[in-house]
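Please look at the model below before reading on. The paragraphs that follow take its features one group at a time.

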Amino acid sequence: MLRHCIAIPVAVLLLLTQLSSVLGGTTEVLRPEPVEGNLSRIALVIGNNDYEYVTDLDNPINDATSVGEKLRGLGFTVHLGLDLDIFGLSELIDNFLSRIEDGSEVVVFYAGHGLEVQGSNYLLPVDVPALSVDGERKLRHRAINLTTLLLDLEASGANVSLVILDSCRENPFQSNGTRSLGAARGMGDLGTPPDGLFVIYSAGANQLALDNLGPGDANPNGLFTRHFLRLLDEPQLGIRDMMLRLRTVVREEASQVRHKQTPAYYDQLIGEFKLNQRQKPAVAQSQPVVQEDRVSTKTNVADISSPSAIAIRNPEEESCFLEATREFGLETTAATRGYHDFVKLFEQCVGNEDAGLSQAELTEEITMCDHLAASPDDPMRPAGVAGVYFGDIDGPEAAEACSQAVADHPDKPRFLFQQARALDYLDRDAEAIDLYASAAAAGSAASMNNLGLMYLNGEGTVKDLGRARELFTQAAALGHSDAMVELGLMHDRGQAEDMTRADEFDWYRKSANLGNRAAINNIGVMYRDGQGVAQDAEEAAKWFTRAANLNFPKAMRNLADLYVSGEGIPPNPAEALKWYRLAADNGSTDAMVDIGILYENGTGVPQDNAQAFIWYEKAANLGNSYGLNNIGILYRDGIGVKEDPAEALSWFLKSAADGNEEGMYNAADLYESGTGTQRDYAKALDWYRKAAEQGNSAAMVNIGLMIYEGKGTDPDPKEEMDWYQKAASLGNRAAMNNIGVMHREGEGVPPDFVKAREWFQKSADEGFPLAMYNLAEYYAGSRYKEQSYEIAAFWMEMSLRSGSERALNELSDNAQAWPSDFRKTFQERLLNAGFYSGAIDGAFGRQTLTAVNRIFDAGG
């Protein structure tokens with residue numbers, strides 16, 4: 001299954017007989033099929049199976065010949081090489097590079113062994129020798145350096161270069177002993193490829209590429225290539241979208257045989273690139289029109305009059321729509337036709353059997369009510385109505401249309417629900433509850449769900465979690481996917497203690513199986529955070545991608561976050577920016593803030609504080625509290641704008657008023673220091689307390705410090721300790737250190753050096769420099785039972801490397817106060833670290849102090 005031999009099909013054998021032989025392999029130039037409007041397109045395709053001195057492979061020739069033929073059909077002149085030795089491979093590449101014209105579109109496909117040695121990746125010809133561990137130098141002359149090839153492509157004048165490496169990435173020189181040439185797997189990370197290149201690996205780092213899915217799999221191509229070939233048949237498919245789909249399908253199929261394989265890619269393209277540039281075929285008249293996943297609910301023709309928003313259920317309806325669209329001119333003038341034309345078309349063609357209404361009863365108000373207020377998750381909505389998400393409801397128009405629909409048909413739960421939904425959007429909660437209750441009593445699952453939300457949040461009624469859960473359960477039993485999500489969320493929020501994480505996951509899974517975007521995203525969150533399932537960032541990325549492709553903004557942000565961090569998928573700031581922008585375009589103000597952060601930090605985009613300000617301001621203008629806070633930070637620190645702490649405070653207060661804990665903390669900090677405003681300890685404490693109530697551990701620490709210093713309140717060691725304990729329980733390192741100090745000094749608690757050392761250790765283990773210094777002092781001190789100059793010297797070095805000003809000042813100004821044996825031991829550490837070459841005499845003279853400053857500056 002991992003590069004097992006598969007017989008080459010007869011068609012491939014016939015092709016091979018037509019190839020011209022060269023020394024050590026065969027090559028051919030495949031002339032392109034004509035493609036209308038085609039640019040200069042050229043491809044290099046290589047497949048190496050039959051290695052002389054290392055492990056043979058199974059599918060590279062199959063894969064290369066299949067890809068070569070497919071690219072030829074897409075207008076590429078293909079330079080094909082099979083089983084090439086180093087001479088043949090070098091000649092083929094040189095000839096190929098010489099044929100590239102300025103502005104060309106270039107594809108390189110390689111199937112065969114690949115290997116990383118000392119940071120460089122190599123493509124291995126079939127005559128590569130069986131090298132030993134000392135053969136790195138020889139390999140450089142007997143293989144093709146991939147980085148050199150990429151640089152040659154960059155210099156070739158090509159407009160776009162796509163490089164595809166379908167290599168098993170296994171190290172063919174792996175030794176049975178403890179050493180081998182290269183790494184445990186073959187090819188390694190490319191780093192950042194040159195501009196204009198898009199590089200694809202068929203498998204991720206430390207993964208093997210599958211040739212097949214087991215003994216019963218007769219497909220002649222490897223797992224990656226078979227799906228790559230299939231997607232090449234799709235016209236106008238962009239390479240980035242292709243990769244998203246490739247990653248998903250390859251990973252899912254590999255997982256079926258308990259194998260991990262997720263294609264990776266490196267994106268330095270500017271703009272889009274499509275391998276198949278043929279036009280999409282026109283929709284045949286016998287083909288049903290596909291219902292869109294999401295349509296706008298505003299009453300303009302461009303959004304809702306197009307027939308593509310209608311689901312056709314039978315040939316009679318289809319014929320009707322084709323005739324009606326021609327009659328009303330919607331095919332050519334959809335942007336200018338009125339909504340009433342659409343109503344006529346809908347009445348004429350669809351009917352409404354699901355609603356139990358006759359054709360004569362389908363009034364304009366009913367049709368408008370359906371299209372303005374129906375929910376995508378309501379099984380009672382008529383066929384042909386896509387539904388509108390709650391945030392997109394046009395409240396006044398929907399309420400007016402549905403009011404008449406309810407008046408005409410008070411016994412129809414669908415209209416009751418849709419009218420309630422419109423009123424709910426308009427915050428007319430009491431009226432909405434009555435209508436939801438009536439519709440729920442008549443069997444409307446959507447109404448049960450929304451009524452449950454009203455009880456859950458206490459909107460228009462007393463908050464009642466039990467009643468909310470009861471309603472969600474009833475709706476879920478009727479197949480309502482949103483209700484399933486709400487049941488899972490109730491557990492996540494601690495509102496259903498009898499449920500488990502497994503129960504929560506199960507509800508999301510059931511909802512996801514019905515296509516619910518939020519449920520799909522939430523499964524990704526559980527995998528990302530390891531909640532109820534084993535933590536698996538790759539699995540999280542798969543779920544986020546699935547939900548993001550369904551236009552779910554939260555999933556887009558979550559996926560972008562993974563591209564920034566590189567968890568589960570290769571880090572790709574450009575791809576992160578793409579998904580943040582898509583989320584922002586779909587109304588996510590948090591994504592606007594994310595984009596601002598990318599510009600402020602120069603992550604994936606040129607560092608641009610002015611752009612950061614623009615994006616923060618966009619979010620702030622839409623009420624995003626983080627956008628408000630971040631604008632405040634720019635003014636406070638003079639980033640991209642003139643430093644203005646008074647202006648910063650005004651932005652922090654706006655953010656704080658919206659409940660943002662960071663805004664509260666930052667406002668408190670300015671009041672405490674008197675920066676940009678008059679110093680006011682009472683206001684500082686008030687805002688710190690409000691931030692602490694939101695779970696801000698830094699605010700908790702600052703409250704403790706203000707109590708200790710008697711700022712705006714009386715000193716109270718017990719209350720001070722309480723605040724540090726709260727912050728420490730949230731993982732705050734400074735709080736842990738401060739608890740250690742209080743135990744050491746006996747403040748609010750009896751003196752206890754062992755407890756002090758334990759708290760210093762906890763803080764130091766989390767990387768807090770001052771705690772590292774305190775540990776050094778502890779182990780060097782004669783008053784402690786656990787004295788150890790070796791351990792003390794270790795923590796002193798760690799504190800310096802971590803940037804502890806206290807450690808630097810102590811050794812620079814007060815070294816003689818430390819025991820002589822500690823000073824000698826520390827000089828030995830400086831010597832071993834390469835920062836000191838003097839005598840081990842405990843005298844902290846100029847040479848020793850220079851070494852101390854050098855290790856402080858070196859960090860890490």
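A disulfide is a pair of cysteine sulfur atoms within 2.5 Å. The structure shown here is a predicted model, and by this rule it has 1 disulfide. The partners are cysteine 369 and cysteine 402, and their sulfur atoms lie 2.1 Å apart. The angle about the S-S bond is 100 degrees, and the link of cysteine 369 and cysteine 402 is right-handed. It links distant parts of the chain: cysteine 369 belongs to helix H12 (residues 364-373) and cysteine 402 to helix H13 (residues 395-408), 33 residues apart.

In soluble globular proteins, nonpolar side chains tend to be buried together. The largest nonpolar core in this model has 153 residues, and Leu71, Leu275 and Phe826 touch the most other members of it. The element that gives the most to this core is helix H34 (residues 769-780), with 8 residues. Apart from it lies another core of 43 residues, which includes Cys369, Tyr455, Leu456 and Phe472. Returning to phenylalanine 826, what does it contact once its neighbours within four places in sequence are left aside? Phenylalanine 826 is then in contact with Ala793, Met796, Glu797, Leu800, Leu811, Phe844 and Val852.

Helix H24 can be checked for its length. It runs over residues 589-601, and its 13 residues should span 18 Å at 1.5 Å a residue; the end C-alpha atoms are 19 Å apart, which agrees. The buried residues in H24 are Thr589, Ala591, Met592, Val593, Asp594, Ile595, Gly596, Leu598 and Tyr599. Against which helices do the buried residues of H24 pack? They pack against helix H22 (553-565), helix H23 (573-585), helix H25 (609-621) and helix H26 (625-637). After H24 comes glycine 602, which has a positive phi, near 70 degrees.

Asparagine 59 sits in the loop between strand E3 (41-47) and helix H2 (60-73). Why does asparagine 59 count as buried? Buried means under 20% relative accessible area, and asparagine 59 counts as buried because its relative accessibility is 0%. A polar atom of the side chain of asparagine 59 lies 3.4 Å from the backbone oxygen of proline 220.

Technical notes: Residues numbered from 1 in each chain as written. Predicted model: local features only at pLDDT ≥ 70, side-chain atom pairs only at ≥ 80, totals over all residues. Heavy atoms only, no water. Helix = DSSP H or I, 4+ residues; strand = E, 2+ residues; numbered from the N terminus. Buried < 20%, exposed > 50% of the residue type's maximum accessible area, 1.4 Å probe, protein only. Polar contact = N/O pair within 3.5 Å; in protein donor to acceptor, adjacent residues only side chain to side chain. Core = buried A, V, L, I, M, F, W, Y, C linked by side-chain atoms within 4.5 Å. Contact = heavy atoms within 4.5 Å. Expected span 1.5 Å × (residues − 1).
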